[in-house]
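Here is a walk through one protein model, written for someone opening it for the first time. Have the sequence and the 3D view side by side.

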There are 2 protein chains.
Amino acid sequence: MTENILLIPGPVVISNKVQQALGTGSVSHTSDEFVAVFSSVLKKTRQVFKAGESSQPLVLAGSGTLGWDIAASNLIETGDKVLVLSTGFFSDSFAECLQVHGAHVDKMTAPLGGVVPVSDLRAALTPGGYKVITITHVDTSTGVMNDVKEICKAVKHVSPETLIVVDGVCSVGCEKLEFEAWGIDYALSASQKALGAPPGLSISMLSERAVSVAFSQKSQSCFYTSLKRWIPIMQNYESRKASYFATPAVQLINALNVALDEILEHGLEERIAKHWTTSDWFKNKVTEELGLELVSANARVSAHGLTAIYVKNPPEVISALKNMGIVISGGLHKDIQGEYIRVGHMGESACNDSLQHIQSCFDALKALEL
Amino acid sequence: MTENILLIPGPVVISNKVQQALGTGSVSHTSDEFVAVFSSVLKKTRQVFKAGESSQPLVLAGSGTLGWDIAASNLIETGDKVLVLSTGFFSDSFAECLQVHGAHVDKMTAPLGGVVPVSDLRAALTPGGYKVITITHVDTSTGVMNDVKEICKAVKHVSPETLIVVDGVCSVGCEKLEFEAWGIDYALSASQKALGAPPGLSISMLSERAVSVAFSQKSQSCFYTSLKRWIPIMQNYESRKASYFATPAVQLINALNVALDEILEHGLEERIAKHWTTSDWFKNKVTEELGLELVSANARVSAHGLTAIYVKNPPEVISALKNMGIVISGGLHKDIQGEYIRVGHMGESACNDSLQHIQSCFDALKALEL
């Protein structure tokens, strides 16, 4: 495919090594060779989520969206109450998914570009009764980031029985996320964002408590997402024993293995810090030097894997950048869809300075004299 | 990964061109470039299933198993009656999936190595009331093939209102399947078998009637498999308009595109015929020259993408072949699990004579003096 600079908020540019690991022949999903790779992927996934030995990693063939169904079909039974913190399109879609699985959803919607105040959240949780709360760490539609640590603390204080579910699709690998220390019960991500792998894998983590809820479900709403079926498989693979429920995406997992190596070799903290540096640089340049306004209200709620920027004629800007070889995205929030652009800066584009991707994007935006 | 001859019944050996198409950088899922590829994949999928313009192709990130959930969550509501024709492990697992989605399942189990007689099927359908019948075209656990054409004819005659669902995971690309002419309503397959692509894509086809059932469902049991959400996306992509519900597995679809090209350039009929020739040759040699017995009872019910063979010590045979660089599979049917081996011959290994894969496998088996 062509050699544009891909700066959408996922799929992201993958490294040469990841690409090589992807373009390999098929091997048996039960071969020692693949079992070793999958085992390593599961162990490294635990590290990247900062999860402990008691947590359960899960890597399935599917889009990131599948993670919502995994959460909803295993943690929710008809009528269970769920509190959804909405910061945009993806939080709302997750709410829809929960409803499909029979949840009674109460939604707290943040003002556009902002987050739900933790005091409001505390008040909403105080009467009790919520089985699950969902937090979209970064809503890719707005570039708004929730303070997951703070929210977890509030939930643990006011309603400790509530399961904490974090959508980390646009955060794992580029934002601070401490699955175990913060007491998260289920966090879901996808391969094609800050993890730097190709699209097609749903990657997630369960706490012991979430596993026990999943195993004690009276009814099940899906087969492919069934944790009762998948967890023994994942545990076998992790302990290097081939096992079968559905055929894993062998080459994608091989590519993810290399992508996770690159993150851990760089150092997870360093890699996250690098995403923050890149993001801060770009956001400062865009606001200070170009005088543009961001969708995210302030630095405290701004994501570090993408930047959502108000511009006058988004399709024209996108098309002009495309002509300069840079691919960015349009808006995805119903209230302001035609008013902003989204620039992704995750993985290689954010971390590999020699590529000059973000500099090039800034230069291109500057050249447009917006 | 290593260069063994991979002869399990999926994943199969992929061609060099497919491998190259897989090992490409990420592109935007909404780029003109990818939209053109996806459009072409959907059109070619229709050709490979022998489906007409009114049929709806569907390509989702996921394992083949996901196709069962697509069928069950869109065509079944709680209490709906489903007749399952079981020819092995995969038919039984599909039945389990249907039950998870609330179906009332009646199962007709074929004798080991055989199929359910069509006369029995007619009798079972006569009282009416079955919303869906499921047929596993080839059950990969036994190598038994159903006569889907004959079964469709019987269903149309006795119970025309019953939706016909065909699991073609181990058949599309290597067995005759005429989606439209036979009046199939939903057929599902996967990328890693006779289609000759890497694992990770669920590929399926819906009739107009199935689409209308899916759209008129009162309740839904899954979000990711929702046809109400996916069909508009697939229709947009096919007509070259980018559209979003969940991020497609860009590189896998690029690889599938090349794999489908290879099938259609070879000629679908010729390609199927070649699988039959390879399969017949192997089965004859194994039974006549080596005096071994097949799990499938006779040629009429024998699949052409794999051969299931009784041997005395399967783990020893598998391990001996592994040492000779040939990877085959063990048994997967509960009653005879430790009594047979499975050799896959799909895609490149069956069609590319210069590879000599099946000859090598036969020679290796012969050398063992079983």
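Predicted model: local features only at pLDDT ≥ 70, side-chain atom pairs only at ≥ 80, totals over all residues.

Residues are numbered from 1 along each chain as its sequence is written, chains are lettered from A and ligands numbered from 1 in the order in which they are written, and side-chain values use heavy atoms, with hydrogens and water left out.

Let's start with the overall layout. Chain A is divided into domain 1 (5-12 + 267-367) and domain 2 (17-264); these bounds come from an automatic or database domain assignment. The centres of the two domains, taken over C-alpha atoms, are 25 Å apart. Where they meet, 30 residues of domain 1 of chain A are in contact with 29 residues of domain 2 of chain A, contact meaning heavy atoms within 4.5 Å.

UniProt has its own label here: an unreviewed entry carries the annotation "domain: Aminotransferase class V" over residues 22-333 of chain A. UniProt positions are given in the numbering used here, feature names are shortened, and annotations may be inferred rather than shown by experiment. Over residues 22-333, chain A is 41% helix and 17% strand. Helices (H or I, at least four residues) and strands (E, at least two) are DSSP runs, numbered from the N terminus.

Now zoom in on A:Arg342, which the unreviewed UniProt entry lists for "binding site". You'll find A:Arg342 in strand β14 (residues 340-344) of chain A. Is this residue buried or exposed? A:Arg342 is buried, because its relative accessible area is 7%; buried means under 20% relative accessible area, exposed over 50%, partly exposed in between (1.4 Å probe, protein chains only). A polar atom of the A:Arg342 side chain lies 2.7 Å from the backbone oxygen of A:Thr140. Leaving aside neighbours within four places in sequence, the contacts of A:Arg342 include A:Leu7, A:Pro9, A:Ser141 and A:Gly330.

A:Ser141 is in the loop between β6 (138-139) and β7 (144-145) of chain A, and is buried, with a relative accessible area of 0%. The side chain of A:Ser141 makes a polar contact with the side chain of A:Asp139 (2.6 Å). A polar contact is a pair of N or O atoms within 3.5 Å; within protein, one must be able to donate a hydrogen and the other to accept it, and residues adjacent in sequence count only if both atoms are side-chain atoms. The backbone nitrogen of A:Phe89 lies 3.0 Å from a polar atom of the A:Ser141 side chain.

Over to chain B, where 3 strands form an open, antiparallel sheet in the order β11-β14-β13. Two strands pair if DSSP finds at least two bridges between them. In chain B, β11 (306-310) and β13 (329-330) stand at the edges, each with a single partner strand, so one side of each has no neighbour in the sheet. Between β13(B) and β14(B) there are 2 bridges, and B:Gly330 stands opposite B:Ile341.

Finally, the loop between β13 and β14 of chain B holds B:Ile336, which counts as buried at 5% relative accessibility.
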